[in-house]
Amino acid sequence: MKLFITGGAGFIGSNHIRLLLASDPDVEIVNFDALTYAGNLENLRDIAEDPRYRFVRGNITNASEVLGSLEEGVDAIVNFAAESHVDRSIESAAEFVLTNVAGTQVLLDAARMRKVPRFVHVSTDEVMGSLDDGGFFTEDSPLAPNSPYAASKAAAEHLVRAAMKTHGLDVVITRCSNNYGPYQFPEKLIPLVIANAMEGKIVPVYGDGLQVRDWIYVDDHCRAVDAVMRKAATGSVYCIGARSERANLEVIRTILDAVGAPHSLITYVSDRPGHDRRYAIDPVRVESEVGWSPQVTFEEGIAKTVAWYRDSAEWIAHARSGEYREFYEKNLAWRETMKS
Ligand code: NAD
Ligand code: TYD
């Protein structure tokens, strides 16, 4: 199977590529990624030389860059590339519209031109807004995004659906809940808390800290995307979650205990504007129709994640200092030297 994976240098994309290379001897992967602040080739250091894997630096908003690397014969595009952080979308939404909306359309057009038989679009549960009055998100929940990030992901979903209805493109969409695990950039809640706790720095809690997220270990999400890619019917949408609802304060206290840091690091700060109160997924449809189910409990996942960050001091230091951005340039220079 030949896959064109976008955003594979980010958190979920890099875990996905690692998982595929480990589980499918016949897979061939092109990782197409612009290397924004969130793209980090250090996430893929251990598999960079695998002959089944190739990295291409390119931007999904640039049609000629996409078409230049999307060869005929690709079996599926898996679109992870996105601006993904809600707080950044509140500061400035333009980049979110460019990458998440316009970039998705460029990929859809390229998929049609190259006759790619399947387009897997990785979306998010945040497109469905906030569950303030209880209940669960299902595939039938209306789209009601509240942040510019969620709105841009919802817009992308509409374009994906339209490409199927109008042009007959084979598409599938996944809407997963909050991921955590190795290689997550330390701006998101869980890696930020781990990294700050290990350094004895304060842990910022937005508002009352009682907002609820439904946490899933990244490998479980990746296995779901893979199963949906291989088995789902054209046009399906699947909500993916691990039935692990936790209030933010509970997550933070669990991590502080796992790291051995004092709860006094918890520092309440102003709330995020438009902060969604609760997300929760009912994953029954993906479980029954695709045969996927989560394998990692929240407690196991947090223990694995804390252990990974403990062992990855250099990765964290580079991510925080921006030094990882030099890795690509150094690597490129090294390759050029080797060639000449
Ligand atoms: P991330 O921010 O860690 O990685 C995004 C990757 O996309 C980076 O490697 C970045 O360089 C690349 N990228 C950004 N703009 C690009 C562009 N214009 N062209 C090419 N590459 C570009 O994000 P993540 O957390 O790994 O999320 C991956 C996908 O999963 C996103 O689509 C996100 O909406 C979705 N998702 C994330 C979560 C979560 O909890 N992190 C949950 C559900 C869905
Ligand atoms: P985040 O990891 O940004 O994911 P999302 O906003 O996509 O759910 O945040 C998870 C939750 O943690 C969310 O309710 C906001 C909250 N939060 C904090 O309280 N403090 C922080 O420093 C961060 C980054 C998030």
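## Around ligand 2

A polar side-chain atom of Arg213 sits 2.7 Å from an oxygen atom of ligand 2 in this predicted model, a polar contact in the sense of N or O atoms within 3.5 Å. Taken alone, ligand 2 exposes 510 Å², and the protein buries 97% of that (Shrake-Rupley areas with a 1.4 Å probe).

In total, 17 residues surround ligand 2, each with a heavy atom within 4 Å of it. By class, the shell has seven nonpolar, five polar and five charged residues, with Gly counted as polar and Pro as nonpolar. Strand E8 gives the most, with three residues.

## The sheet

Seven strands form an open sheet with parallel pairing, in the order E3-E2-E1-E4-E5-E6-E11. Strands here are DSSP runs of at least two residues, and two of them pair if there are at least two bridges between them. The edge strands, E3 (53-57) and E11 (237-240), each pair on one side only.

Further in, E1 (residues 2-6) and E4 (residues 76-79) pair in the parallel sense over four bridges, and Phe4 stands opposite Ile77 in E4.

## How the model was read

This is a predicted model, where local features need pLDDT of at least 70 and side-chain atom pairs count only at pLDDT 80 or more, while totals for chains, interfaces and linings use all residues. Residues are numbered from 1 along each chain as its sequence is written, chains are lettered from A and ligands numbered from 1 in the order written, and side-chain values use heavy atoms, leaving out hydrogens and water.

Note on methods. Polar contact = N/O pair within 3.5 Å; in protein donor to acceptor, adjacent residues only side chain to side chain.
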